[in-house]
Amino acid sequence: MAINNKVSEAAREVIGQFLKETRTEKGISAYRICKDAGLASQQVTAIESGSTNYTVDALFAYLEAVDLYVFFAPKSGQDRSELLDEEDMLKKANSTDPNL
């Protein structure tokens, strides 16, 4: 099932608000995120405002710079024994692609 544009935009805004609040609470400037994550200021603004789509690479770089952790799990009602986090994804990618 595809997510409609309004739902997608609302989700980006909620995520962006959470990320900006977290960054601010940790006392990290947007400039520091740009430097640590290797992102342009426009990318940081896009992530924090939810105003536009951004790449997974940009999001992961932002999360790393703010020292946040992300993981994926099945929706409720499904077996949650197989949680997948960023480190697991990298290990999986490395094991299937010897060039990584």
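## Overall architecture

The protein contains five helices and two strands, the elements being DSSP runs numbered from the N terminus (helices H or I, at least four residues; strands E, at least two). In order from the N terminus, these elements read α-α-α-α-β-β-α. The model is predicted, so local features need pLDDT of at least 70 and side-chain atom pairs count only at pLDDT 80 or more, while totals for chains, interfaces and linings use all residues. Residues are numbered from 1 along each chain as its sequence is written, and side-chain values use heavy atoms, with hydrogens and water left out.

Of the 100 residues, 25% count as buried; buried denotes a relative accessible area under 20%, exposed over 50%, and partly exposed in between (1.4 Å probe, protein chains only). The accessible surface of the protein is about 7,500 Å², and carbon and sulfur atoms contribute 54% of that surface. These areas come from the Shrake-Rupley method with a 1.4 Å probe, and for residues only the protein chains shown count as cover. Among contacts with a separation of 6 or more, 51% are between residues 24 or more positions apart, a contact being heavy atoms within 4.5 Å.

Helix 3 spans residues 41–49, and its buried residues are Val44, Ala46, Ile47 and Glu48. Their cover includes helix 1, helix 2 (30–37) and helix 4. Just after helix 3, glycine 50 adopts a positive phi of about 70 degrees.

The axes of helix 1 and helix 3 come within 5 Å and cross at roughly 115 degrees. Axes are lines fitted to C-alpha atoms, for helices over the stretch in contact, and angles run from 0 to 180 degrees between N-to-C directions. The two helices are therefore roughly perpendicular; angles of 65 to 115 degrees receive that label, those under 35 count as roughly parallel, those over 145 as roughly antiparallel, and the rest as oblique.

Helix 3 packs against helix 4 at an angle of about 90 degrees, with the axes 11 Å apart. This pair, too, is roughly perpendicular. Helix 3 contributes Gln43, Val44, Ile47 and Glu48, and helix 4 contributes Ala58, Leu59 and Tyr62. Five nonpolar residues, one polar and one charged make up this contact.

Helix 4 covers residues 56–66, with Ala58, Phe60, Ala61, Tyr62, Leu63, Ala65 and Val66 buried. Aspartate 67 follows helix 4 and has a positive phi, near 65 degrees.

## Two buried side chains

Glutamate 48 is buried, with a relative accessible area of 11%. Its side chain forms a polar contact of 2.5 Å with that of arginine 23; a polar contact is a pair of N or O atoms within 3.5 Å, where within protein one must be able to donate a hydrogen and the other to accept it, and residues adjacent in sequence count only if both atoms are side-chain atoms. Leaving aside neighbours within four places in sequence, glutamate 48 is in contact with Gly16, Gln17, Lys20, Arg23 and Tyr62.

Threonine 22 belongs to helix 1 (residues 5–25) and is buried at 10% relative accessibility. Not counting residues up to four places away in sequence, threonine 22 touches Val66 and Leu68.

Terms used
Nonpolar A, V, L, I, M, F, W, Y, C, P; charged D, E, K, R; others polar.
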